[in-house]
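Trainee: I have a new model open. Please show me how to read it, feature by feature.

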Amino acid sequence: MATKKSNRQLWIMLALIVAIVAVILLLPSCGGNSSKKAGDVESTTLVKAGDKAPDFTVEMFGGGKTDLAELKGKVVLLNFWATWCPPCRQELARVQSDVIDRFAGRDFVFLPISRGETHQTVAAFREKTGYSFPMGLDPSQTVYDRYASNYIPRNFVIDRNGKVVLASVGYDPEEFDEMIKTIEKTLE
């Protein structure tokens with residue numbers, strides 16, 4: 001009888017391991033540049049530098065909507081992120097001082113959009129982090145799916161005419177610094 005119980009526990013543990021591996025493989029990908037292959041990134045990027053940025057309307061946290069077409073004439077940093085994504089959190093930690101404050105008073109809009117998460121999840125994240133800057137909500141990923149099919153964080157620098165001048169994936173401090181320089185040049 002002890003052997004049956006032991007075998008049963010072994011099967012339960014094996015089933016749990018298989019379930020955990022399946023969940024990890026099926027989760028939408030997030031990560032730094034080391035977790036992705038260049039071909040994977042390229043094939044999942046639907047909008048590239050030189051393309052016209054697809055228009056969308058997004059619900060904003062706290063109410064209201066933002067329409068990309070209404071931002072024409074401004075340089076836009078479109079950022080897709082999620083609360084559960086460590087590289088997204090690293091990137092967002094730099095945004096207030098390195099992006100929002102730096103470009104305040106200029107024809108610039110930082111538009112972060114939470115990919116695939118509920119208002120409640122984003123609210124809890126904002127409360128925990130103290131972030132107060134505007135954020136878009138894309139719980140069904142309809143906006144994200146116009147730009148990419150996998151991987152976050154993703155950034156798209158969009159010029160005053162609605163053309164993408166830079167598309168990046170993942171978070172790397174040096175790449176983030178280069179993106180800031182691109183925003184600066186695009187604003188000139």
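**Reading the fold**

Mentor: From the N terminus on, the element order is α-α-β-β-β-α-β-α-β-α-β-β-α. That gives six helices and seven strands in the protein chain. Both kinds are DSSP runs, numbered from the N terminus: helices are H or I with at least four residues, strands are E with at least two. This is a predicted model, where local features need pLDDT of at least 70, side-chain atom pairs count only at pLDDT 80 or more, and totals for chains, interfaces and linings use all residues. Residues are numbered from 1 along each chain as its sequence is written, and side-chain values use heavy atoms, with hydrogens and water left out.

Trainee: In what order do the seven strands form the sheet?

Mentor: Start with the general idea. Strands of a sheet pair through backbone hydrogen bonds, either parallel or antiparallel. Here two strands pair if DSSP finds at least two bridges between them. The seven strands form an open sheet, ordered E2-E1-E5-E4-E3-E6-E7, with mixed pairing. Strand E2 (65–67) and strand E7 (164–169) are the edge strands, each pairing on one side only. On average, neighbouring strands of this sheet are turned by 25 degrees against each other, direction ignored. Axes are lines fitted to C-alpha atoms, for helices over the stretch in contact, and angles run from 0 to 180 degrees between N-to-C directions.

Trainee: Which way do E6 and E7 run, and how many bridges join them?

Mentor: They run antiparallel, and five bridges join strand E6 (residues 154–158) to E7. Check two pairs. Phe156 stands opposite Ala167 in E7, and Ile158 is opposite Val164 in E7. The hairpin of E6 and E7 has five residues between the strands, and Gly162 there takes a positive phi near 85 degrees. On the E3 side, five bridges join E3 to E6, again antiparallel. Leu77 has Val157 in E6 as its bridge partner.

Trainee: Which way do the side chains of E6 point?

Mentor: In a regular strand the side chains alternate between the two faces of the sheet. In E6, Arg154, Phe156 and Ile158 point one way, Asn155 and Val157 the other way, and all are buried. Buried means under 20% relative accessible area, exposed means over 50%, and partly exposed lies in between (1.4 Å probe, protein chains only). So E6 is mostly covered, with five of its five residues buried. Across the protein chain, buried residues make up 41% of the 188 residues.

Trainee: What does helix H6 lie across?

Mentor: Helix H6 (residues 173–187) lies across strand E3 (75–81), strand E4 (108–115), E6 and E7, and runs at about 170 degrees to E7. The expected span of a helix is 1.5 Å times one less than its number of residues. For the 15 residues of H6 that is 21 Å, and the end C-alpha atoms are 21 Å apart, which agrees.

Trainee: Which residues of H6 are buried, and what covers them?

Mentor: An α-helix has 3.6 residues a turn, so residues three or four places apart point the same way. In H6 the buried residues are Phe176, Met179, Ile180, Thr182, Ile183, Glu184, Thr186 and Leu187. Their cover includes E3, helix H3 (86–100), E4, E6 and E7. Contact means heavy atoms within 4.5 Å.

Trainee: Why does Thr182 count as buried?

Mentor: Its relative accessibility is 18%, so Thr182 counts as buried. Leaving out residues up to four places away in sequence, Thr182 touches Val157, Val165 and Leu166. Thr186 is also buried, with a relative accessible area of 18%. With the same exclusion of residues up to four places away, Thr186 touches Val75, Val157, Asp159, Arg160 and Val165.

Trainee: Which backbone oxygen lies 2.7 Å from a polar atom of the Thr186 side chain?

Mentor: That of Thr182. A polar contact is a pair of N or O atoms within 3.5 Å; within protein, one must be able to donate a hydrogen and the other to accept it, and residues adjacent in sequence count only if both atoms are side-chain atoms. Now look at Thr129, in helix H4 (residues 119–129). A polar atom of the Thr129 side chain lies 2.8 Å from the backbone oxygen of Phe125.

Trainee: Is Thr129 buried, exposed or partly exposed?

Mentor: Partly exposed, because Thr129 has 32% relative accessibility.
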